[in-house]
Amino acid sequence: MRRKSIVTGLLTALTVVIALIWVFPVYWMFNSSLLPNSVLQSTTPTFLPIGGSLDNFTAALADGTFFTALGVSLTVTLSTVAAVLIIAFLGALAISRFKFKGRKSFILALLLIQMLPAEGMFIAQYKMMSSVGLLNNLIGMTLLYTAAVVPFTVWMLRGFVAGVPAELEEAAMVDGLSRTQAFLKITFPLLAPGLVASGVYAFLQAWNEFTVALVIMTENQMKTLPLWLRGFVQASATRETDWGMVMAASMLVAVPVIIFFLIVQGKMSSGLVSGAVKG
Amino acid sequence: MSTDAKAPTAAPVRGRRIPEPSPVIRRSKKSKAPLFLILPTIVVLVAALGYPVGWQLVTSFKKFGLKQQFGVPAEFVGFENYITLLTSSELWIVVGRSLLFCLVAASLTVAIGGLLALLMQRVGTAGRLILQVSMLLAWAMPVVAAMTVWVWLIDWRRGVLNWILVRFGVDAEGHNWLADPISFFMIAIIIVVWMSVPFVALSIYAGLTQISGEVLEAAAMDGATGWQRTRHIIIPLITPVLSIVLLLQLIWDLRVFTQIKLLQDAGGFANETNLLGTYIYQLGVGSGDYGMASAVSVFMLILTIAISWYYVRSLMKEEN
């Protein structure tokens, strides 16, 4: 027994060390964002933000471009999430509840499209957007993001729809509900975890996306947050990099998504993990 | 978009494992409903991807030069771009580098993720929780923000990495990691692995938690040793999860773009550090040579499909 508890103790210590290493970059962003540049200029790093302030944040927010970018990112992300949920839900319903001609080709197409690397297509997408006048346009951007996320989410939701037995709905219909009512009252709530999971996936993809935005959104007024941050870093790097301000800017981009992720994480993983790998 | 792909835990595994509830499928012979249901998906995909893929194919057969920048239409040159590419050593160096990068990054990610999953299973709740929260924080970081922090960590003058290495007696004072292709890629791999391990570790952990304790207990009662239980129960049950996360990592790491681009921004020499994504970007956006850029893109599409073919086929098999 004694030996066992020593092993457990060692493993716990190891786990904590690994956790600290893993979280260190995130902590370092937080720490540096609070420290004045005079402290960061020192050749000896300061590991705790004692005497720190929010000055770097004030400075990063000063020219107002952050809020423009935030607006663009929020609009594109939320439109993408809404579009993806509706479209993917309908698609998932079709392939898990119906047998129809072309069903297999449809699934194969989804899987193959999911493999298409955005990195191999951005020039063509740029050309297309410029020829239809949708460069620097929120609708164009949303269309591209939706198409990039939909194949995976249809596939993902299909598992959830298939997991809700149609018998439940039929039983409700026997009890006198209409098909629509049965769907809304019985099936839909059971699908909620799947919809949350797909929504989170779409949210993260659209919020973090860099490549397509880099190519399509060329005007300053239309930059998303990742592009804003890159521009911010580049502007700061022309002189000696103002790391405090750059880290504050990174915090501004990262914190909303980290908070969002931590809130929905529990719901998401309980939905996803349950039954995920049942043998 | 897929470079940054953060699929939620175990999502790709899900479709695989759920037995198709075939009896509940409505075998409607004449209903048009399913076609209407898939119509929006098809419209969006054709609108956003149909034209680009076609354009890419057509353009890869055209020659772009200085004249085309002044509006002269590009002429068809047949397979010239492909021949130029396939006979240029530069392309093969980039392809080789991309494949090597993708193999190293993906196998490291899966190995580390697997070990961390086992660790999570062994330790108590507190240790596990601390590790999981750390992983979630790293996972949730937007790529560009994460890259910015990493560039600061490895900054050659005041970065904390060099400072720590010096404390450990390594002569890293003022060392610029991005100046040399080898250390550039070492850093890139560390960053990519750091970003992708959380997904893999949590997926594999989810897989491990699904193995019922009773089965293991029964095996133990029948006299199976720890190793035998691992060998005959845990490994076979975990193999599908492992192979899927490995394939997904291979596909994602082959197209890594943002990390390389931002490290190049921060001081890497682009010509010696290009992977397929940044190479296409440089050819197309950088030098306006759309013909060549398209040919490389088509090549990359084929390569990705070849690598993922096994995955697609195994998923399709379950449809049967």
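Student: Where is the kink in H2(B) centred?
Tutor: The kink in H2(B) is centred on B:Val46. The bend there is about 40 degrees. Keep in mind that this is a predicted model.

Student: How many residues does helix H2 of chain B have, and what does it span?
Tutor: Helix H2 of chain B has 27 residues, 33-59. From first C-alpha to last, the helix reaches 38 Å. That is close to the 39 Å expected at 1.5 Å a residue.

Student: Which residues of H2(B) are buried?
Tutor: Among them are B:Leu37, B:Ile38, B:Thr41, B:Val44, B:Leu45, B:Ala48 and B:Leu49. Two prolines are on the list, B:Pro34 and B:Pro52. B:Trp55, B:Gln56 and B:Thr59 are buried as well.

Student: Why would residues three or four places apart point the same way?
Tutor: An α-helix has 3.6 residues a turn, so residues with that spacing point the same way.

Student: Switching topic. Where does UniProt place the "transmembrane region" feature in chain B?
Tutor: The unreviewed UniProt entry places it at residues 35-54, 91-117, 129-153, 182-208, 233-252 and 290-312 of chain B.

Student: What does the model show over residues 182-208 of chain B?
Tutor: That span is 100% helix and 0% strand. Its end C-alpha atoms are 36 Å apart.

Student: And residues 129-153 of chain B?
Tutor: That span is 92% helix, with 0% strand. The end C-alpha atoms lie 26 Å apart.

Student: Now the interface. How many residues of chain B are in contact with chain A?
Tutor: 108 residues of chain B contact 115 residues of chain A. The two chains bury about 10,400 Å² between them. Carbon and sulfur atoms account for 74% of that area.

Student: How many salt bridges are found across the interface of chain B and chain A?
Tutor: The rule finds one. A:Arg230 pairs with B:Asp265, and their closest N and O atoms are 2.7 Å apart.

Student: What about B:Arg158: buried or exposed?
Tutor: B:Arg158 counts as buried because its relative accessible area is 14%, and the cut-off for buried is under 20%. This arginine lies in the loop between helices H6 (143-153) and H7 (160-167) of chain B.

Student: Last one. Where is A:Val17?
Tutor: A:Val17 is in helix H1 of chain A, residues 2-34. A:Val17 is partly exposed, at 46% relative accessible area. Its C-alpha is 24 Å from that of A:Phe261, 244 residues apart along the chain.

Key: Residues numbered from 1 in each chain as written. Chains lettered and ligands numbered in written order. Predicted model: local features only at pLDDT ≥ 70, side-chain atom pairs only at ≥ 80, totals over all residues. Heavy atoms only, no water. Helix = DSSP H or I, 4+ residues; strand = E, 2+ residues; numbered from the N terminus. Expected span 1.5 Å × (residues − 1). Bend = angle between axes of the 7 residues up to and from the residue. Buried < 20%, exposed > 50% of the residue type's maximum accessible area, 1.4 Å probe, protein only. UniProt positions renumbered as here; feature names shortened; annotations may be inferred. Contact = heavy atoms within 4.5 Å. Buried area = accessible area lost by both parts, 1.4 Å probe. Salt bridge = Lys/Arg side-chain N within 4 Å of Asp/Glu carboxyl O.
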